[in-house]
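Subject: Structure handover

Hello,

Here is the structure for you to look over. My notes follow below it.

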Amino acid sequence: MIILLQIVIALLLSSCWNRRELNELAIAVGAGVDWVDNKYRLSVQVAIPGQVTSKRGASPQAPATLYTAEGDTIFEAARRMTQISPRKIYFSHLRIFLMDEALARKGVAKVLDLLARDHEFRPDFYLAITKGTTAEEALKIMTPMETIPANKLYNSLQVSDKSWSPSMVVTLDELINGITSTGKHPVLTGLMVTGDKEIGEDKKNVEDIYTPSQLQYSGLAVFKFDKLIGWLNEKESRGYRLIRGDVKSSVGYVSCRNKGKVVLETLRTDTKLKGRLVDSRPELDIKVSLEGNIGSVECSGLDLTEPSTIRQIEVDMEEKVTKILEEVIDKVQTEHKVDIFGFGETFHRSHPKTWKRIEQEWDDRYFSSLVTHVSVDYKIRGTGTTNDSFLNELKE
């Protein structure tokens, strides 16, 4: 019996039967898909380990290489890539995944199905839509500071999400949830290539202090289910994120009564959405609370020691933020006509029975004419290391 038990255990403990050595794999750090001539063009940025170590010498070789292949399906394009890659592409360490505007307008559901189904793809990478360029072109741009461009894209989006509200991080699970949920449509951050693309693909792009071509996040792509239908600019993107209540930090300003600006650093935000029925029609209350500090004062004659001065700045900021929120809601209701804010989800929670009746007509009939009541409360918690500005002592 002991021998038989040992044999059974030995069969179950199969050890590393499917192991793959590191020197047999090509580690993909970035990838992108373009829709070109009715085919999928898959581009994969692969790190070259010997070029990114701290002990590397002055080698002319780039820290990463780009493989590109086309196919009727993305899976086919990935396997066709083995014709040019000396190693099998390994996607478990993917940092960023890009899709071009043409593919996004056609629909990204088929792409996401592969990413979610394949066991090699972890769902923690970020996604973005290329704007005015292709995913292949974006992955070719060489970047300073971060030797691997995919790491630059990952870190830049992460920092921008925390410190500059118009950009936002979206993972695979979050995007799929936004596509499949009722009462809310998804958005994705846009990515642009600025400057000279041809120089950006050359090592000259990172040899000087000035970088001729850069990768820059810009605006948010608006989706209706899995199809791109439009864009929000920087100010509108900030308003969207304030309504969603996920702004961690940002910077804004209000104009002085005479000349100049008072710059404020927003440190905390909180948004509460509440649905209600008025004459059997849905309406929504949006209450946004913000806290911040005065970052700089660019105008003279402003006495920050006076409570009335601080309150006036708060009122001006409240009016400005209210206008931004109302404008982005109006644009989405009139131009895009899809609920990207999650107003439907909010109404569903507060009035589940009514939602069941109007759910199928929410975007087409109710969202576009939804009455929203926006209220903003801004509190200044600090004025920095000095109350008064030395600008008051300057004389012409």
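**Salt bridges**

R41 and E70 join their side chains in a salt bridge, 2.6 Å from N to O. The term means a side-chain nitrogen of Lys or Arg within 4 Å of a carboxyl oxygen of Asp or Glu. This pair links distant parts of the chain: R41 sits in strand β2 (residues 39–47) and E70 in strand β3 (residues 64–71), 29 residues apart. Helices (H or I, at least four residues) and strands (E, at least two) are DSSP runs, numbered from the N terminus.

Before going on, the ground rules. This is a predicted model: local features need pLDDT of at least 70, side-chain atom pairs count only at pLDDT 80 or more, and totals for chains, interfaces and linings use all residues. Residues are numbered from 1 along each chain as its sequence is written, and side-chain values use heavy atoms, with hydrogens and water left out.

R41 is partly exposed, because its relative accessible area is 22%. E70 also counts as partly exposed, at 27% relative accessibility. Here buried means under 20% relative accessible area, exposed means over 50%, and partly exposed lies in between (1.4 Å probe, protein chains only). R41 and E70 also belong to a network of salt bridges with E136 and K140.

R241 and D161 form another salt bridge, at 3.1 Å from N to O. R241 lies in helix α10 (residues 234–244) and D161 in helix α7 (residues 149–163), so the bridge ties together parts 80 residues apart in sequence. Both R241 and D161 are buried.

E361 and R365 meet at 3.6 Å, N to O, in a salt bridge as well. E361 is partly exposed at 35% relative accessibility, and R365 is partly exposed at 45%. The structure holds 24 salt bridges.

**Aromatic pairs**

Rings of Phe, Tyr and Trp (its six-membered ring) pair if their centres lie within 6.5 Å; planes under 30 degrees apart are stacked, over 60 edge-to-face, and the rest tilted. The count by this rule is 10 aromatic pairs. W35 and Y40 make an edge-to-face pair, with 4.9 Å centre to centre and 70 degrees between the planes. W35 is partly exposed, at 22% relative accessible area. Y40 is buried, at 6% relative accessibility.

Y126 and Y154 are stacked: 4.4 Å centre to centre, 5 degrees between the planes. They link distant parts of the chain, with Y126 in strand β6 (residues 126–130) and Y154 in helix α7, 28 residues apart. Y126 is buried, with 7% relative accessible area. Y154 is buried too, at 13% relative accessibility. One aromatic cluster is formed by F91, F97, F121 and F125.

**K197**

What does K197 touch, leaving out residues up to four places away in sequence? The contacts (heavy atoms within 4.5 Å) are G132, T133, E137, I141 and S213. A polar atom of the K197 side chain lies 3.4 Å from the backbone oxygen of G132. K197 is in helix α9 (residues 197–200). At 27% relative accessibility, K197 is partly exposed.

**Surface patch**

M1, L4, V8 and L12 make a nonpolar surface patch of about 500 Å². Patches are made of residues with over 30% relative accessible area and no salt bridge: like charges are joined within 9 Å, nonpolar side chains (Val, Leu, Ile, Met, Phe, Trp, Tyr) within 5 Å. Areas come from the Shrake-Rupley method with a 1.4 Å probe; for residues, only the protein chains shown count as cover. V8 is in helix α1 (residues 2–12) and is partly exposed at 41% relative accessibility.

Best wishes

Conventions: A polar contact is a pair of N or O atoms within 3.5 Å; within protein, one must be able to donate a hydrogen and the other to accept it, and residues adjacent in sequence count only if both atoms are side-chain atoms.
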